[in-house]
Amino acid sequence: MAADETELIMQAQRGNMDAFEQLVQRHDKKVFTIAAGYVHSADDAKDIYQEVFLRVYKGLPKFKYRSEFSTWIYRITTNVCLSHRSRRKRNLHTSLDQNVSDEDGQPHPLKDTLSDNVSADQQTHNAEITLRVEQALKTLSPRQRMVFTMRHYEGYKLKEIAEMMKCREGTVKKYLFEATARLRKQLKDLAY
Amino acid sequence: MKHKQFKEWLQLSTYNELSEQEQALLNRHLATCEQCRRAFEDLNKLHDALAHHQSVEVQEPLIQEARRNLRLRIQSGAAQESLWNKIKDALDEIIAHPVQAALGGAAMIAIGILVGYLAFRAPAESSFPIQKTSTMEAGESQVTNIRFLDRNPQTGDVEFTFETVTPVRIRGNVNEEHVQKVLARALVSNQNVGTRLRALNMIGAQAEQRSNRLPEFDEEIKQALITALLHDQNIGVRKEALGVLRNYLPDPVVVRAFLQVLAKEKNTGLKIAAINSLDLSQYENQPVSSEILEMFRNKAQSDENNYIRIKAKTALQEIQ
């Protein structure tokens, strides 16, 4: 843990909100990415973000430096993800008419951003695969899904995932193998 | 090394999770094993398909919005706590600490007495010859769920709601009215099955001993027993309640409850106990209510249980 981060933690533990906000800003993008990768929904990821940092805020006085601060936060993140129940219906189908923002923040319909080199048939095919993959991921148990998305999509090492989930590396491997087997079974008829 | 181990290593190898030694062993194995090479190709195809699943992009405006909302939530949470602290500070300024403690204690005792009075006040004198010998002791009331509604810093006026829980200890006879009331309440509202059963046993033991008409205050007991018979989630409680209610037959309300058991109860044992308890032979010299007749006819024709059908048929034949 960097010396300046230790200083920030101590100040935040004394009630310094600026210090707490600086700590949040150091780690919140990663928290958001983990949450978004797990729930695949910006709204649900925002809910998880709030819950995680409220728990960090309330638990900060009891943080005793037994682990890295980041590990502690990401451990809270995985716990919140695993217990999260979506309050909103998720729109699994991406409408081509929905707006996305460009680099300047200007909204444009999604269909205008699609490459002209990809035919409409290919775009439909890709969308179908995306939907099937999304549905297959939903069939995983919460822990299988957490391990799989953290390893496969977010690139965390199995050892890091084991620390975050507070379990043994062997257990994490077991979840990964189970998740892969299940996904293979769910998607075996898919024409890649 | 077994194939299963190599297949697991294939997966780990796609994530660069193998040591150099393990990777070398795997590569040597793949050179000679067609099955594992095919498995490796399948795995790569699976990964290609999974690549279609894009994570939600974490854009800066989204993060900024989340930070703003977090700040607001923390600030509003801190403001509620400081309001309570401000009230405490204001009271500290107005009233000296020992006086506060004395007033607080007096208020708690008053609340405890009020709760005890409301819960256990005696009704009109009963003619039932039971001597009142019980004693009641109220413990210290506990204040919970305080919610602040309004305050005026200038005048010091405050408005808030709260709940109090006062533990009470009773020592007395199970036939006494207020003891019976508590048992009746325990029967319908306590979440612990063991407590409900114990209450039933106490009520039942006394009901069996009485041969005369039951006194008025037992109406509450009777209703509690009927509620337990018809609505308790636990089958053991329902069976016990039926057993105790037998002592109240042929009270029309109890008969109606037993008919409801026949009509709606899912447990066959309980239905059999109910139909066995409804003794139609007592109606030899008087008309049987149409409600009972209709239920028995219905059961004789269409109950799924053979015993109940025969029992109903026999009972109908006996009164005709």
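## Helices α2 and α7 of chain A

In chain A, helix α2 (residues 17-39) packs against helix α7 (residues 142-153) at an angle of about 120°, their axes lying 9 Å apart. Axes are lines fitted to C-alpha atoms, for helices over the stretch in contact, and angles run from 0 to 180 degrees between N-to-C directions. The angle makes α2(A) oblique to α7(A) (under 35 degrees is roughly parallel, over 145 roughly antiparallel, 65 to 115 roughly perpendicular, the rest oblique). The crossing of α2(A) and α7(A) is right-handed, the near helix being turned clockwise from the far one by less than a right angle.

From α2(A), I34(A), G37(A) and Y38(A) meet R145(A), M146(A), T149(A), M150(A) and Y153(A) of α7(A). Contact here requires C-beta atoms, placed from the backbone, within 7 Å. The contact of α2(A) with α7(A) has five nonpolar, two polar and one charged residues (Ala, Val, Leu, Ile, Met, Phe, Trp, Tyr, Cys and Pro count as nonpolar, Asp, Glu, Lys and Arg as charged, and the others, Gly among them, as polar).

## Basis of the model

The model is predicted: local features need pLDDT of at least 70 and side-chain atom pairs pLDDT 80 or more, while totals for chains, interfaces and linings use all residues. Residues are numbered from 1 along each chain as its sequence is written, with chains lettered from A and ligands numbered from 1 in the order in which they are written.

## Helices α8 and α9 of chain A

The axes of α8 (residues 158-165) and α9 (residues 169-186) of chain A come within 8 Å and cross at roughly 105°. α8(A) is therefore roughly perpendicular to α9(A). L158(A), K159(A), I161(A), A162(A) and M165(A) of α8(A) make the contact with E169(A), V172(A) and K173(A) of α9(A). Five of these residues are nonpolar, none polar and three charged.

## Chain B

Chain B holds 13 helices and four strands (DSSP runs numbered from the N terminus: H or I of at least four residues for helices, E of at least two for strands). Of its 320 residues, 17% are buried, meaning that 20 or more other C-beta atoms lie within 10 Å of the residue's own. Among contacts in chain B between residues at least 6 apart in sequence, 58% join residues at least 24 apart.

## Contact between the chains

Chain B contributes 23 residues to the contact and chain A 36 residues. On the chain B side, the elements giving two or more residues are α1 (3-14), α3 (34-50) and α4 (60-94). α4(B) gives the most, with eight residues. By class, this side of chain B has 11 nonpolar, six polar and six charged residues.

Methods: Two residues are in contact if their C-beta atoms, placed from the backbone, lie within 7 Å. A residue is buried if 20 or more other C-beta atoms lie within 10 Å of its own, exposed if 12 or fewer, and partly exposed in between; C-beta atoms are placed from the backbone.
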